[in-house]
Amino acid sequence: MEAAALAANGLSLATALSSPPRPAAPSGGRLASFGRSCSLELGGDYKGPVQVRVLVINTGGTIGMVEEEKGLAPEANKLAKALKKMPMLHDDVYAKESRFPDETLVLPLSKQNKRIIYTILELSPLLDSSNMTTDDWAKISKKLEQYYEQYDGFVILHGTDTMAYTASALSFMCENLGKTIVLTGSQVPIYELRNDGRANLLGALLIAGQFVIPEVCLYFYNKLYRGNRVTKVDAGSFDAFSSPNLPPLANAEVDITINWETVWRADTTQKFRVHTTMNGNVGVLRIFPGINAATVKAFLQPPMEGIVLETYGTGNAPSNREDLLLELKKATERKVVILNCTQCLRGSVVAVYETGQSLSDVGAIPGGDMTPEAALAKLSYILSKRDLCWEEKKKMLSENLRGEMTVVPREAKICLKDTKFIQVIAKSLSVSCKEELEAIRDVLIPSLACAAAKIGDIGALAAIREMGGNLSCEDYDGRTPLHIASSEGNLKLIEYLLTYGASVHAKDMFGATPLMYAVKFRQLEVIHLLRETGAHLSSQEVENIGTELCRLAANGDKEGLYVWYLAGANLEQTGYDGRTAFQIAEATGHKALLDFFNEMKIMKGYAK
Ligand SMILES: NC(=O)C[C@H](N)C(=O)O
């Protein structure tokens with residue numbers, strides 16, 4: 001079953017996309033007119049819409065269920081066929097004109113002039129999410145790893161019952177995430193006349209395809225949430241999820257508005273990888289008035305290694321129950337982790353009451369405002385890290401790893417809209433209301449940050465960041481400070497940006513990433529650094545590189561070829577006439593180039 005779905009993945013899709021003849025990029029185009037440079041026309045025809053690819057991993061859930069003898073159950077091999085008949089989820093005319101393979105789906109053109117091309121990878125068996133286990137989380141994360149470079153974003157179709165658990169688990173299992181992953185599903189099957197599946201899937205695809213939000217998110221009923229902040233709160237409403245301690249990352253109203261200030265960014269320069277071996281010896285224990293010490297003792301017996309203790313209010317447990325506290329103490333002494341989370345839907349564990357202090361005294365770790373789902377997933381993740389010692393594990397549990405808990409900053413952040421600079425401008429423009437002030441801030445920050453990147457002013461970037469500005473902001477052309485810095489070649493500044501969460505996958509309005517800018521301006525060290533951080537050529541760029549390599553070979557441009565090699569291009573790719581760059585070099589008898597190709601064999605491995 002999976003083989004059929006796999007046939008519809010990036011590779012066959014890629015072939016299909018390259019088959020229609022592509023019009024040459026306009027020679028007077030903005031990027032094509034740069035001086036000494038490699039071609040940037042690889043994003044495709046810049047006059048046309050940018051194409052983005054999204055992989056939909058279907059795990060099951062109500063969205064694809066049909067009524068069976070015993071009730072609703074998932075049906076395999078049905079969803080993609082059904083979606084092809086839904087005009088809001090598939091533009092059949094465009095797909096046929098573009099000669100996409102049968103399994104490929106494509107959304108109608110988006111408001112942002114993007115074409116979201118998607119394929120569905122169906123896991124087997126499809127599950128009601130109540131039947132999911134940690135093995136299924138591993139299965140999903142392995143698929144994400146396998147297809148990470150071939151797609152711009154990912155949507156995971158999942159049942160709602162345990163979606164909050166899977167979203168929380170994946171948020172930890174996906175390490176150094178740089179692309180958007182959106183879980184969604186529905187309360188009513190997509191095949192029914194009145195359903196929420198169509199809108200949820202469409203919203204998830206639009207977000208995963210058009211925005212780089214490097215988080216595991218959950219999209220439901222017009223809202224995008226951080227996956228490890230949600231909990232299912234309603235079994236019978238389309239508005240089934242709530243994120244009690246964090247406002248949504250995005251609202252899909254008339255427009256899709258992303259709250260960029262809330263978006264979590266990993267401050268790492270490492271490549272994406274998945275951690276698949278979660279620790280199963282964890283559990284959740286909800287205390288209640290009169291809870292029996294024997295029950296607690298039994299629950300904490302080996303092989304239990306860690307529990308989420310759901311306590312009252314701000315993290316309180318009875319301080320007058322010596323028997324109970326003794327069992328908890330004996331467990332922590334055996335190095336069983338007790339993570340203290342509140343039973344309340346909203347709020348945090350804080351040291352206010354004597355009853356809360358008694359838990360700290362027995363060695364429980366305060367879990368802040370984590371949901372029980374997130375706390376359990378975090379516990380399972382950290383306890384599976386064999387290379388960490390006990391103290392390190394305890395430290396990580398109280399730290400904010402993926403935005404799962406609120407950490408109050410030691411010094412209150414200066415709010416950008418309160419700064420003198422913005423206020424002076426606002427005054428001169430006679431602006432006083434909050435909305436206008438924020439609008440000025442949103443217009444100015446991208447330009448300021450890009451200008452700072454252009455002149456290499458790390459201090460200015462630091463000031464913008466400290467004032468709450470987003471260093472991944474886009475200017476009017478969709479360029480981020482990292483795009484600018486990559487063309488300028490300022491390594492220190494790039495490192496700074498990457499450390500503060502700048503995305504190597506951000507695409508400007510032409511579909512070009514920072515890596516493409518570095519290639520364009522032949523910034524060798526920058527290419528190396530971006531690659532180290534997980535940047536890669538898109539599958540479209542990879543397909544179309546052959547002709548460009550042949551052009552460089554025909555010009556005897558050794559450096560140009562080397563730049564593409566560093567960026568991860570396969571130098572053996574053929575051009576439009578079926579020849580490789582090496583064959584062109586042989587035909588022209590260019591000695592330096594032939595030597596270069598010989599050398600490449602020795603250097604192979606450097607860029608990979
Ligand atoms: N709405 C749903 O998806 C509920 C279903 N039982 C599931 O979690 O798979």
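Start your tour by selecting helix H11 (residues 372-382), which lies across S16, strand S17 (306-311) and S18 and runs at about 160° to S17. Helices (H or I, at least four residues) and strands (E, at least two) are DSSP runs, numbered from the N terminus. Axes are lines fitted to C-alpha atoms, for helices over the stretch in contact, with angles running from 0 to 180 degrees between N-to-C directions. Residues are numbered from 1 along each chain as its sequence is written. What you see is a predicted model, in which local features need pLDDT of at least 70 and side-chain atom pairs count only at pLDDT 80 or more, while totals for chains, interfaces and linings use all residues.

Now select the strands. Four of them form an open sheet in the order S16-S17-S18-S19, with parallel pairing. Two strands pair if DSSP finds at least two bridges between them. At the edges sit strand S16 (282-286) and strand S19 (365-366), each pairing on one side only. Zoom in on strand S18 (residues 337-342): two bridges join S18 to S19, and the two run parallel. Which residue of S19 is the bridge partner of Leu339? Pick Ile365 to see the partner.

**Stepping back to the domains**

Colour the chain by its domain assignment: domain 1 (2-11 + 47-274), domain 2 (282-397), domain 3 (416-532) and domain 4 (539-603). These bounds come from an automatic or database domain assignment. The centres of domain 1 and domain 2, taken over C-alpha atoms, are 33 Å apart. Their contact takes 11 residues from domain 1 and nine residues from domain 2; two residues are in contact if their C-beta atoms, placed from the backbone, lie within 7 Å. Select helix H6 (residues 163-173) next, as this helix gives six residues, the largest share of the side of domain 1 that touches domain 2. By class, that side has six nonpolar, four polar and one charged residues. Here Ala, Val, Leu, Ile, Met, Phe, Trp, Tyr, Cys and Pro count as nonpolar, Asp, Glu, Lys and Arg as charged, and the others, Gly among them, as polar.

**Around the ligand**

Select Gly61, Thr62, Asp128, Ser129, Ser130, Gly159, Thr160, Asp161, Gly185 and Gln187 to show the residues around the ligand. A residue is near a molecule if its C-beta atom, placed from the backbone, lies within 6 Å of it. This shell divides into no nonpolar, eight polar and two charged residues.

**A hairpin and some backbone details**

Go on to strand S2 (residues 65-68) and strand S3 (residues 71-74), which pair in the antiparallel sense over four bridges. S2 and S3 form a hairpin with two residues between them, and Val66 stands opposite Ala73 in S3.

Where does Asn113 sit? Look in the loop between strand S4 (105-106) and S5; Asn113 has a positive phi of about 60° although it is not a glycine.

Finish with two cis peptide bonds:

- Ser124 and Pro125, with omega about -5°; Pro125 lies in strand S5 (residues 114-127).
- Pro302 and Pro303, with omega about 10°; Pro303 is in the loop between helix H8 (293-299) and S17.
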